[in-house]
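Here are my notes on this model. Please read them with the structure open beside you.

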Amino acid sequence: MDFSPGIAYFLGQLDKALLAPGSHISLASLAVALSIGLTVLAARRYRKGRRIRLKLLLRALFPKTIMSSRSNLADIGYFYFNVFAFGLVCGWALLSYAMLSHGVTDLLTAMLGPRRPTSLPPFVTRSIITVVLFLAYELGYWLNHYLSHRIAFLWEFHKVHHSATVLTPLTNFRVHPVYMCIFLNIIAVFTGAANGFGDYAFGQATHEYGLSENNIILVFFIYLYVHLQHSQLWISFTGWLGHLFMSPAHHQIHHSRNPAHFNKNLGSCLAVWDWMFGTLYVPSAEPEKLDFGVEPDRETAHTIWGEFVAPFGRAAQVISRRFDGRSPQPARLSALDRSEA
Ligand SMILES: [Zn+2]
Ligand SMILES: [Zn+2]
């Protein structure tokens with residue numbers, strides 16, 4: 001039997017994930033995140049007059065209890081699934097960004113008349129579309145995340161991400177394929193529509209600035225702090241900065257088991273959509289004591305059955321309750337919802 005196509009596919013996916021500089025999990029961006037983490041820890045120890053040794057810093061960043069936890073092993077399993085298998089299993093279910101973009105441009109042309117090429121220089125139009133597409137991505141991300149928390153059926157699939165009891169950069173990959181499929185389609189709709197408007201407004205196809213097919217502003221944030229959002233290192237943006245950007249502490253609050261933190265900080269890199277729609281929780285400068293995960297703890301948590309198969313059954317139960325006339329199962333109830341219930 002010839003295994004070479006399989007091996008070539010495996011290596012190609014690994015190359016795209018780890019070596020492409022603009023990928024969501026490139027080794028280069030992980031190295032930058034590690035450097036930032038080490039620098040922050042070293043500066044804190046220096047201020048307290050404590051010794052700075054690389055071994056101690058690494059132990060603080062990668063404690064054995066986290067690295068060997070079942071939660072982390074489940075994250076690694078999902079990392080493999082989402083890098084190597086997701087496209088093969090779910091690729092057919094994804095809308096085409098290019099098709100949506102052309103559709104919007106054609107619709108605008110039919111409604112408003114033919115496009116007229118802009119006199120703006122290309123670097124201006126490309127810069128504008130880069131910012132617009134980044135904002136469209138962030139809004140689509142916020143909306144998908146909001147729906148995943150507020151609609152019980154969707155929450156059963158998103159809960160997989162929240163069942164992580166420790167946070168590492170690989171937790172980013174701990175997402176159920178149904179969640180991932182809906183997320184990618186919503187992102188395609190938002191960015192495809194925004195690109196269609198841009199192409200029409202500028203009178204020609206206008207391409208964003210990117211790296212490895214990702215928006216360059218998004219890549220900038222991936223390098224700066226997106227990996228650290230899934231870590232136990234408290235780096236918080238407070239004040240006006242905390243209203244604009246989603247610091248690592250913002251996202252750690254999002255994973256908290258404390259009901260006061262439920263359904264807060266749903267954005268990706270920016271906090272502005274949360275601020276605008278009333279779901280922002282600006283973390284304090286000092287670390288808040290947080291426990292991660294969802295309640296109740298299930299025996300099957302972190303297993304293939306519990307995190308991959310069972311969500312289908314639980315989501316089906318949500319639907320059947322609706323049709324049986326039983327009271328609908330709630331999605332994630334925030335502290336406010338509980339007090340009103
Ligand atoms: Zn969430
Ligand atoms: Zn997360």
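Is Cys181 buried or exposed? Cys181 has 15% relative accessibility, so it counts as buried. Buried means under 20% relative accessible area, exposed means over 50%, and partly exposed lies in between (1.4 Å probe, protein chains only).

This is a predicted model: local features need pLDDT of at least 70, side-chain atom pairs count only at pLDDT 80 or more, and totals for chains, interfaces and linings use all residues. Residues are numbered from 1 along each chain as its sequence is written, chains are lettered from A and ligands numbered from 1 in the order in which they are written, and side-chain values use heavy atoms, with hydrogens and water left out.

1. **Cysteines.** A disulfide is a covalent bond between the sulfur atoms of two cysteines. The cut-off here is a pair of cysteine sulfur atoms within 2.5 Å. A search of the whole structure finds zero disulfides. Take Cys90: the closest cysteine sulfur is in Cys181, at 5.7 Å, which is too far for a bond. Cys90 is buried, at 10% relative accessibility.

2. **The zinc ion.** Four histidines coordinate the zinc ion (ligand 2) through their NE2 atoms: His161, His230, His251 and His255. The distances are 2.0 to 2.1 Å. Donors are N, O and S atoms within 2.8 Å of the metal (3.2 Å for Na, K and Ca); water is not among the atoms, so sites may look incomplete. Along the chain, the donors of this zinc ion follow the spacing H-x68-H-x20-H-x3-H.

3. **Geometry of the zinc site.** The angles among the four donor atoms of the zinc ion (ligand 2) run from 93 to 153°, and the site is irregular. Four donors count as tetrahedral if all angles lie between 85 and 135 degrees; four count as square planar and six as octahedral if opposite donors are over 155 degrees apart and all others between 65 and 115; anything else is irregular.

4. His230 and His251 link distant parts of the chain, 21 residues apart. His230 sits in the loop between helix H10 (216-229) and helix H11 (239-244), while His251 is in helix H12 (residues 248-254). Helices (H or I, at least four residues) and strands (E, at least two) are DSSP runs, numbered from the N terminus. His230 is buried at 4% relative accessibility. His251 is buried too, with a relative accessible area of 2%.

5. **Aromatic pairs.** The whole structure holds 20 aromatic pairs. Rings of Phe, Tyr and Trp (its six-membered ring) pair if their centres lie within 6.5 Å; planes under 30 degrees apart count as stacked, over 60 as edge-to-face and the rest as tilted. Tyr137 and Tyr141 have ring centres 6.2 Å apart and planes at 45°, so this pair is tilted. Both lie in helix H7 (residues 122-150), four residues apart, which is about one helical turn.

6. **A pair across the chain.** Phe157 and Phe312 have ring centres 5.6 Å apart and planes at 70°, so they are edge-to-face. Phe157 is in helix H8 (residues 152-162) and Phe312 in helix H14 (residues 304-324), 155 residues apart. Phe157 is buried at 4%, whereas Phe312 is partly exposed at 41%.

7. **Leu228.** This residue is in helix H10. Leu228 is buried, with a relative accessible area of 8%. Leu228 and Ile36 are 192 residues apart in sequence, yet 8.9 Å apart in space, C-alpha to C-alpha.
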